[in-house]
Amino acid sequence: MDTLLLSRIQFGANISFHILFPTITIALGWVLLFFKLRFQITGAQKWMDLYLFWVKVFALSFALGVVSGITMSFQFGTNWPGFMETVGNIAGPLLAYEVLTAFFLEAVFLGIMLFGAARVPVWVHTLATFLVAFGTTMSAFWIIVLNSWMHTPAGYELRDGVVHAIDWFAIVFNPSMPYRLAHMLLASGLTVAFLIAGLSAYRALRGDRDPATATGLRFGVILGALLIPVQIVAGDMHGLNTLEHQPQKVAAMEANWETRGNVPLVLFALPDETLRENRFELAIPSMASVILKHDPAGVVPGLNDFVAADGSALHPPVAPVFWSFRVMVGTGVAMLGLSWLGAALLWRRGADALPRPYLHALTAMTFAGWIATLAGWYTTEIGRQPWLVQGVLTTEAAVGDVAGGMVLSSLLAYLAVYVLLLAAYIGALFHLARKGSVFPAAPALQPAE
Amino acid sequence: MFDPQTLPLIFASLMGLSILLYVVLDGFDLGVGLLFPFATEAERDRMIASIGPFWDANETWLVLAIGLLLVAFPAAHGAILTALYLPVAVMLIGLILRGVAFEFRAKAPVAHKRPWDAAFWAGSLMTALSQGFMLGLYIMGLRWGWAEIAFASLTAVALAVAYSFIGAGWTILKTDGALQIKAVTWARGGIWGVVLGMGAVSVATPLVSPRIFDKWFRFPEIVALAPLPMMSGLLVALLWLSLRRLPTRDDSFAWFPFAGAVTLMVLGFFGMAYSFYPYIVPDRLTIWQAASSTEALTIILVGTLFVLPVILCYTVLAYVIFRGKATKLSYV
């Protein structure tokens with residue numbers, strides 16, 4: 001098989017597996033800090049129980065994130081040497097800053113946060129918790145900076161086919177960075193909100209009457225209900241930013257072939273790239289123009305504007321982008337409905353008396369954040385093709401000269417490991433939930449007087 | 001701000017420092033994993049507890065080393081990693097298994113603990129062997145012939161033994177009682193493997209490369225370099241003597257096997273670094289030929305000079321907080 005395709009599948013599989021865990025740890029770090037501070041202020045045991053339960057999930061997720069992340073850093077060299085050879089002068093410093101300012105901070109203070117509670121004063125432990133949360137967020141910041149730069153490169157010049165940095169401020173604050181960062185951090189918050197709500201609902205369904213279960217349930221639902229409208233606004237702004245800088249991606253997201261006004265919002269279609277039209281289209285007239293241009297007559301660019309003279313496409317493959325986008329939006333709408341319904345139920349009945357069907361729905365949505373996050377990343381990353389760095393380097397030009405058979409063997413090995421680990425991870429989370437928050441030893445952490 | 005001649009040298013040194021710290025620090029926790037089959041279940045819990053707060057940060061030095069290779073010497077990064085494609089993949093899968101087994105063994109259902117212990121051992125073994133294999137291939141100039149593979153297999157075993165030895169030294173330092181006594185016997189067995197492994201690498205390296213042979217055996221360098229093998233020999237003798245007397249009644253000198261193993265690794269590292277300098281891809285690319293642009297290196301160096309001392313400080317802090325004998329790991 002073809003090395004390029006196999007390398008892409010391998011990188012896609014690796015980064016899809018990897019992103020699941022940072023998506024949890026980025027927000028969960030701050031949630032843990034919140035639980036810990038609530039315990040120190042109120043002295044209520046339930047906050048400590050929540051902290052002790054979720055710190056285990058954090059440790060597990062963190063370990064999975066670290067080991068799958070190391071794999072990514074090696075793959076730049078093993079599979080994509082052209083990437084660093086062309087844009088190394090920009091990607092290199094950004095990755096180096098991630099390691100220096102985030103990885104060590106997280107890794108060292110995680111040890112103190114997890115195992116140091118009995119060995120250091122309370123304030124040092126709280127500080128360690130803060131630094132771990134801060135480190136994960138810094139890590140997200142640098143990676144999003146690099147990723148955004150690959151979508152909307154700025155502050156550079158090309159000399160002899162190699163990118164050189166000329167303005168670091170423009171590189172770091174490149175046009176899509178603020179939107180992408182906000183969108184990702186909110187996605188992480190929502191993933192954690194539904195994870196906490198889902199696992200707490202699972203415990204409630206099993207008859208767990210622990211106060212920590214009810215509080216976790218309330219916390220997750222309210223956090224979700226608060227974040228989802230913000231995420232919808234941020235996502236919309238991110239989409240408008242993409243329309244400005246990568247119109248071909250938005251055209252693929254909307255499966256819009258012709259540049260025109262009154263573009264309908266396609267709800268369902270099978271985009272066909274050979275016919276260059278949609279089959280079985282179901283659409284709301286002019287709605288895409290309203291969303292993207294805030295005007296029914298607004299002109300939206302179409303895919304047919306992005307075809308080379310020889311007929312080859314300069315736009316991404318349409319169907320995967322179109323469908324990923326719909327999965328993301330659909331999951332978001334489900335999150336909106338479920339969390340707002342939950343907020344109303346909490347208001348009227350309280351967390352101890354939520355109806356069982358609602359708890360079942362929350363349990364089913366435990367990993368909804370993962371689905372939305374992955375679908376969102378597929379939208380934006382497949383949407384960048386055929387470019388690796390928009391307008392600078394194609395994916396094809398960056399792939400390494402490694403035999404297809406070698407890539408295939410490593411790919412199969414990774415896939416086997418990832419399937420096993422994902423099953424083990426989800427199994428372990430529900431196992432921890434079944435074990436509940438019963439701890440043999442009395443907590444050594446005392447509330448601050 | 002920085003001279004284009006010295007910048008690659010500074011980055012090669014920083015990368016060397018990261019590799020050395022990685023080999024020593026992750027070496028002891030990989031070694032603990034390698035010794036797993038020889039320990040009982042309760043002893044395994046104790047051994048895990050001794051590395052629990054550290055392993056993650058230890059592994060980060062590998063990320064920094066590979067990151068520095070990536071950012072400072074992009075041409076070498078591509079050449080080395082594509083040549084080492086398969087061993088790198090084995091190592092990564094080993095690191096994945098090892099890192100997650102550590103968490104899963106404590107959090108998955110009790111019935112799954114033994115399989116995760118096996119995964120912890122297998123992951124540590126895959127990591128150690130593949131790193132040793134890569135070291136061997138690197139010494140042999142990144143060529144894939146039968147002789148090269150045979151030599152790399154030898155270094156693979158040698159590095160795994162060296163990691164086990166430093167892991168045994170760590171266990172002697174961090175535990176007491178029956179486990180400590182056991183760890184001393186592990187170290188007694190391991191030291192012969194270390195002598196054999198270091199000896200084989202020291203003999204083979206100059207033989208495969210006339211350039212390296214010349215670097216070591218010409219006058220006057222040979223006089224200046226003589227202390228390196230002599231110190232190593234003396235250290236091995238002291239280690240052997242100490243292991244015959246350990247554990248002592250008052251636990252004095254429990255630190256010595258670990259410290260000795262670390263010093264041996266440092267000596268071996270400097271010998272290796274001397275052999276290869278100024279090449280980063282043996283006999284093909286020097287550090288100057290492979291270096292990135294001066295601007296890129298400068299911006300990384302500025303950050304590194306500020307941040308690296310801070311990282312070293314809080315790393316030391318973590319080792320101070322968790323000093324003394326390992327106790328049961330607990331989140332409270």
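Helices here are DSSP runs of H or I with at least four residues, strands are runs of E with at least two, and both are numbered from the N terminus. With that in hand, hello everyone, and let's start with one arginine.

A:Arg384 sits in the loop between α12 (368-382) and β5 (387-389) of chain A. Before I go on: this is a predicted model, where local features need pLDDT of at least 70 and side-chain atom pairs count only at pLDDT 80 or more, while totals for chains, interfaces and linings use all residues. Residues are numbered from 1 along each chain as its sequence is written, chains are lettered from A in the order in which they are written, and side-chain values use heavy atoms, with hydrogens and water left out.

So, is A:Arg384 buried or exposed? It is buried (under 20% relative accessible area, 1.4 Å probe, protein chains only), at a value of 4%. A polar atom of its side chain lies 3.2 Å from the backbone oxygen of A:Leu388. Leaving aside residues up to four places away in sequence, A:Arg384 has contacts (heavy atoms within 4.5 Å) that include A:Asn147, A:His151 and A:Gln390.

Now to the interface. Chain A gives 66 residues to the contact and chain B gives 60. Together they bury about 5,800 Å², with 79% of that on carbon and sulfur atoms; buried area is the accessible area (1.4 Å probe) lost on being put together, summed over both parts. On chain B, the elements giving two or more residues to the side that touches chain A are α3 (55-72), α4 (74-83), α5 (85-107) and α14 (294-321).

Note on methods:
Buried area is the accessible area (1.4 Å probe) that two parts lose on being put together, summed over both. Buried means under 20% relative accessible area, exposed over 50%, partly exposed in between (1.4 Å probe, protein chains only). A polar contact is a pair of N or O atoms within 3.5 Å; within protein, one must be able to donate a hydrogen and the other to accept it, and residues adjacent in sequence count only if both atoms are side-chain atoms.
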